[in-house]
Amino acid sequence: MKKIAVVTSGGDAPGMNAAVRAVVRSALHEGIEVFGSVRGYNGLIHDELIPMTLRTVSDIIHRGGTVLYTARSPEFRTEEGMQKAVDTCRRHGIDGVIVIGGDGSFRGARDLTARGIPCIAIPGTIDNDIGCCDETIGYDTATNTVVEMVDRLRDTSQSHDRCSVVEVMGRHAGWLAMNAGIAVGATSILVPEVEYDFQRDVVERMKEIAKTGKQHFIIIVAEGVGHVDELAKKIEEATGVEARATVLGHVQRGGTPSARDRILASRMGHYAVHLLEEGKSERVVAIRNSVLCDYDITEALEMKKPFDMDAFRMAAEISI
Ligand code: ADP
């Protein structure tokens, strides 16, 4: 292993920079040259590669987003685009690629490995929706961001006796919604993994809780569940409590990565370089029970992470 490339791909997540830094510095420590691919897989396709040095990754550990930029690259999903990426790697003598991204990026890494370029994937996504991995880079920061934002909403909804209906990211995964919901003590948490009954899980809950003297409410809704404006209207009609919808949107992706994400990213980046050095390829770096490990990408893509129903039920029990 003489030269490798590092790629940040798909949706950005806070902590990606810390992972890039760890990859670059761990590789240089091992005497391996590193290129940074600009804008995800597009950098490989269009030969936009930056030579990375110890100093190109200075002062990025605390920055959100990704200094390498990221992209969704439809071209990479075509055979022609994939071949161009392979050609770029061959031209530069790149004998390994480390990709930081979500499951879409993992599929790209699998396909690139199949064409002779060994790849290692690192899970970077705020959704925490990678089956083989307890926690993904960016998830902790995003959870903290949601909590901070909802705490602010709580101040105003408490002052006005309102109900705040807050949409958080997660089209297919409710981890962010559930754990942020637990941390803010949400009255109801609605996630795509669990079917809900509007009357039972929202209206009746609010009415029961109101009887105990509580006059403001927070409902956390994962993006995949439905439109919060409509939900807020329905809540107001059904309960008489003034309800306001807030869509947190992309603020959840940005911001300074938490210490936890920086540490996870640093450990995973370092681990990925050592996998390549050991001659491994088509692996996903993961963390299970606080221990780093790795899985075959295809197996990892098939693994499902069962939703934590105990935590979900617990939240309902104590958030009254
Ligand atoms: P994420 O990595 O956050 O899940 P995407 O799903 O957008 O984000 O995937 C990122 C990139 O990975 C895509 O733009 C594409 O280039 C590549 N990719 C996604 N799905 C596939 C696939 N099925 N096969 C090959 N490459 C893929």
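**Briefing: the ligand site and an aromatic pair**

The ligand is surrounded by 15 residues, the closest being Arg72, Ser73, Gly102, Gly104 and Ser105. The model is predicted. In this model the ligand sits in the largest pocket. Helix α4 (residues 103-114) supplies the largest share of the shell around the ligand, namely six residues.

**Composition of the shell**

- The shell around the ligand is made up of eight polar, five charged and two nonpolar residues.
- Gly102, one of the closest residues, also has a polar backbone atom that takes part in a contact with the ligand.

- The backbone of Gly102 places a polar atom 2.9 Å from an oxygen atom of the ligand.
- The side chain of Asp111 has an N or O atom that lies 3.2 Å from a nitrogen atom of the ligand.
- A nitrogen atom of the ligand is also found 3.4 Å from a polar atom in the side chain of Arg77.
- The ligand taken alone exposes 550 Å², and the protein buries 83% of that area.

**Aromatic pairs**

- The count of aromatic pairs in the model is three.
- One of the aromatic pairs is formed by Tyr41 and Phe76, which are stacked, with 3.8 Å from centre to centre and 0° between the planes.
- Tyr41 belongs to helix α2 (residues 41-45), whereas Phe76 belongs to the loop between β3 (49-52) and α3 (79-92), so the pair ties together parts that are 35 residues apart in sequence.

Technical notes. Residues are numbered from 1 along each chain as its sequence is written. This is a predicted model: local features need pLDDT of at least 70, side-chain atom pairs count only at pLDDT 80 or more; totals for chains, interfaces and linings use all residues. Side-chain values use heavy atoms; hydrogens and water are left out. A residue is near a molecule or strand if one of its heavy atoms lies within 4 Å of it. A polar contact is a pair of N or O atoms within 3.5 Å; within protein, one must be able to donate a hydrogen and the other to accept it, and residues adjacent in sequence count only if both atoms are side-chain atoms. Accessible areas come from the Shrake-Rupley method with a 1.4 Å probe; for residues, only the protein chains shown count as cover. On a 1 Å grid over the protein atoms alone, a cavity is a set of points where a 1.4 Å probe fits but cannot get out, and a pocket is an open set with protein on both sides within 12 Å along at least five of seven lines; lining residues have an atom within 4 Å of a point. A molecule sits in a cavity or pocket if more than half of its atoms lie within 2 Å of its grid points. Helices (H or I, at least four residues) and strands (E, at least two) are DSSP runs, numbered from the N terminus. Ala, Val, Leu, Ile, Met, Phe, Trp, Tyr, Cys and Pro count as nonpolar, Asp, Glu, Lys and Arg as charged, and the others, Gly among them, as polar. Rings of Phe, Tyr and Trp (its six-membered ring) pair if their centres lie within 6.5 Å; planes under 30 degrees apart count as stacked, over 60 as edge-to-face and the rest as tilted.
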